[in-house]
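Subject: Model handover

Hello,

Here is the structure I promised to pass on. Please have a look at it first; my notes follow below.

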Amino acid sequence: MKSNYLIPALVLAAGLCIAGFFVGQTFLKGKQFDRFVTVKGLSEREVPADLAVWPINITLTGNDLQEVKRELEKQNETVYQFFMDQGFSAEEISRGMVNITDARANIYNTNAQYSAFRYLAKSDLTVRTSDIPKLQRSLTQSLDLLDKGILFGSKNEWQPVEYSFTGLNELKPEMIEEATVNARAVADKFARDSNSEVGDIRVARQGLFSISNLDANTPHIKTVRVVSTIDFQLVD
């Protein structure tokens, strides 16, 4: 009778041994998977802006409405022709709205009757171009318009010309690769200090790309930056 229970007991024992072996191996592999290092990789580029937008206000005052209107139209045409003479195309120059206000019609301005001029006229013109050097030359030459009695300036006093960089998609693959390489170099240093080696990437988290001015005085030069956070496996 005892022999009848021997074979099942041996099979059960063998099964437990095999199961224990696999559980142990799973535990060891799990512990090995827990050995990783989290590092950050940086990639930066300095690039020239490839798009500039200059929003312009033309301003004048007067007491005769029709005369103000005629003078504003004249000045608008003079400014438009100035940019055409600088080499801009009609597609790069857009005319905006015209706004004429009557100071005496403003019920909140109790001192309007003492104002030297009744009407304030403003018109908009925007230059949008990818030729940054041409725009910068025009900025210098635009002082000639003041000699003609035209009072104009940027609509955005805090940022007279807005410079942008639109080629980010072309830089992304190269910069992500560089950030990954830099992150692995940091991980290699950590691994050598801990007598380990860097294995495969466990988790990779790409940071957001940022585009900023190089500094306050050179907004036409941009700094493109990305920081990637990567978990690398460590192996013996």
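Start with S196. This residue sits in the loop that links α5 (168-193) to β7 (197-206); helices (H or I, at least four residues) and strands (E, at least two) are DSSP runs, numbered from the N terminus. Is S196 buried or exposed? S196 counts as buried because its relative accessibility is 9%, and buried means under 20% relative accessible area, exposed over 50%, partly exposed in between (1.4 Å probe, protein chains only). Leaving aside residues up to four places away in sequence, S196 touches R35, A191, L234, V235 and D236. Contact here means heavy atoms within 4.5 Å.

Some ground rules. This is a predicted model, in which local features need pLDDT of at least 70 and side-chain atom pairs count only at pLDDT 80 or more, while totals for chains, interfaces and linings use all residues. Residues are numbered from 1 along each chain as its sequence is written, and side-chain values use heavy atoms, with hydrogens and water left out.

Confidence next. The chain has an average pLDDT (the predictor's confidence in each residue, from 0 to 100) of 84, and 82% of the residues score at least 70. Helix α1 (residues 2-33) is lowest, with a mean of 48, and strand β6 (residues 162-164) is highest, at 96. Residues 19-33 have pLDDT below 50, and this stretch makes four contacts in the model beyond near neighbours in sequence. Where pLDDT is low, the predicted coordinates should not be read in detail.

Now the fold. The chain holds five helices and nine strands. Their order is α-β-β-α-β-β-α-α-β-β-α-β-β-β. Strand β4 (residues 119-129) pairs antiparallel with β2 (residues 51-62) over 11 bridges. Pairing requires that DSSP finds at least two bridges between two strands. T61 has L120 as its bridge partner in β4. β3 (residues 93-102) also pairs antiparallel with β4, over eight bridges. N99 is bridged to K122 of β4.

Finally, the cores. A nonpolar core is a set of buried Ala, Val, Leu, Ile, Met, Phe, Trp, Tyr and Cys residues joined through side-chain atoms within 4.5 Å. The largest has 25 residues, and W54, F83, L125 and V127 touch the most other members. β2, α2 (65-85), β4 and α3 (132-141) each give two or more residues to this core. α2 gives the most, with six. A second, separate core has nine residues, including V37, V39, V198 and L234.

Best wishes
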